[in-house]
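Below are my notes, in the order I looked things up.

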Amino acid sequence: MSVISFTSLANAGFSELRGKHMQYSKFWNFNSSQNSAEKKQQIPQLSGRTGMLILYAPAFLAALSCLLFFPHHSTRHLLLSSALTLHFLKRLLEVQFVHSYSGGMSIDTAIPISLSYFLSTATMIYGQNLTQGLPEPPIDLKEPGILLFLIGISGNFYHHYILSKMRSKGDKEYKIPKGGLFELVICPHYFFEIMGFVGVSCISQTLYAFSFAMGTALYLTGRSCATRKWYLSKFKEFPQTVKALIPYVL
């Protein structure tokens, strides 16, 4: 599962760099040749909010079930279940009360992403359960992991909030984001999401958790670069100094 998770996420990131995008958010109708447009008409389309709820709800329920109904053999196990539950609860609340939507999502995009989140969450917690009876790692990364996780979800929420305030009610046009780390990178919310999952991997300290965090970083790096390219093509006034993901670097 560690190999499958890492390679599938890394491949998705490289696909973003090649211009083959996961079709949600600003890319939901991007690969629009006549044949693909006709094919898309035959696939059920969801509203942006419904699609995003489908993405995160199964993973949240999996994490919450493990938190409430399964025994925790260690503090690390309890912290991991709690962190994953909090992460996906935050995402569901943002979907319902924070995000503004400009497009929809096809069901053939929503289901694979939803399954990926669900399986990754369940596998991460199950992998933690397999460590029962094994000695603790020689270097304990729980506390740095908690700090990284909290900074990650806080920074991610803050920049999602900034994005939501850029549009008035009913406005579906994209604008160049301003404020926070948007002055330096176009996807600071992805930067903090990566930080959050790195924090989760430090809390867990299992091979699967680290593999998932690295795969997520590669996918979101590719998505960030594609997003910057999209903004450069859409806005002539887009600042060249604004990077994709990491300030002053990438």
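Predicted model: local features only at pLDDT ≥ 70, side-chain atom pairs only at ≥ 80, totals over all residues.

**Notes on the core, the rings and one asparagine**

I started with Y56 and skipped its neighbours within four places in sequence; Y56 then contacts F88, R91, L92, V95 and Y117.

Next I looked up the nonpolar core. Which residues have the most contacts inside the largest one? They are Y56, L84 and M124, in a core of 49 residues.

Helix 8 gives the most, with ten residues. I also checked the domains: domain 1 (44-133) and domain 2 (137-249) each put at least three residues into this core.

On to the aromatic rings. I noted that a ring pair is described by the distance of the centres and the angle of the planes. Searching the whole structure gave me eleven aromatic pairs. One of them is F197 with F212, an edge-to-face pair at 5.2 Å centre to centre and 80 degrees between the planes. F197 sits in helix 7 (residues 188-204) and F212 in helix 8 (residues 207-234), so this pair ties together parts that are 15 residues apart in sequence. Are F197 and F212 buried or exposed? Both are buried.

F212 has another ring pair, with Y208. Their centres are 6.5 Å apart and their planes at 15 degrees, so I wrote this pair down as stacked; the cut-off for that is under 30 degrees. Y208 and F212 are four residues apart in helix 8, which means about one helical turn between them. Both Y208 and F212 are buried.

I also found a cluster linked by ring pairs: Y174, W230, Y231, F235 and F238.

My last stop was N156, in helix 6 (residues 142-164). Why does N156 count as buried? Its relative accessibility is 3%, and buried means under 20%. Leaving out residues up to four places away in sequence, I listed K90, R91, E94, H189, F192 and E193 as touching N156.

Note on methods. Residues numbered from 1 in each chain as written. Heavy atoms only, no water. Helix = DSSP H or I, 4+ residues; strand = E, 2+ residues; numbered from the N terminus. Buried < 20%, exposed > 50% of the residue type's maximum accessible area, 1.4 Å probe, protein only. Contact = heavy atoms within 4.5 Å. Phe/Tyr/Trp six-rings, centres within 6.5 Å; stacked < 30°, edge-to-face > 60°. Core = buried A, V, L, I, M, F, W, Y, C linked by side-chain atoms within 4.5 Å. Domains from an automatic or database assignment.
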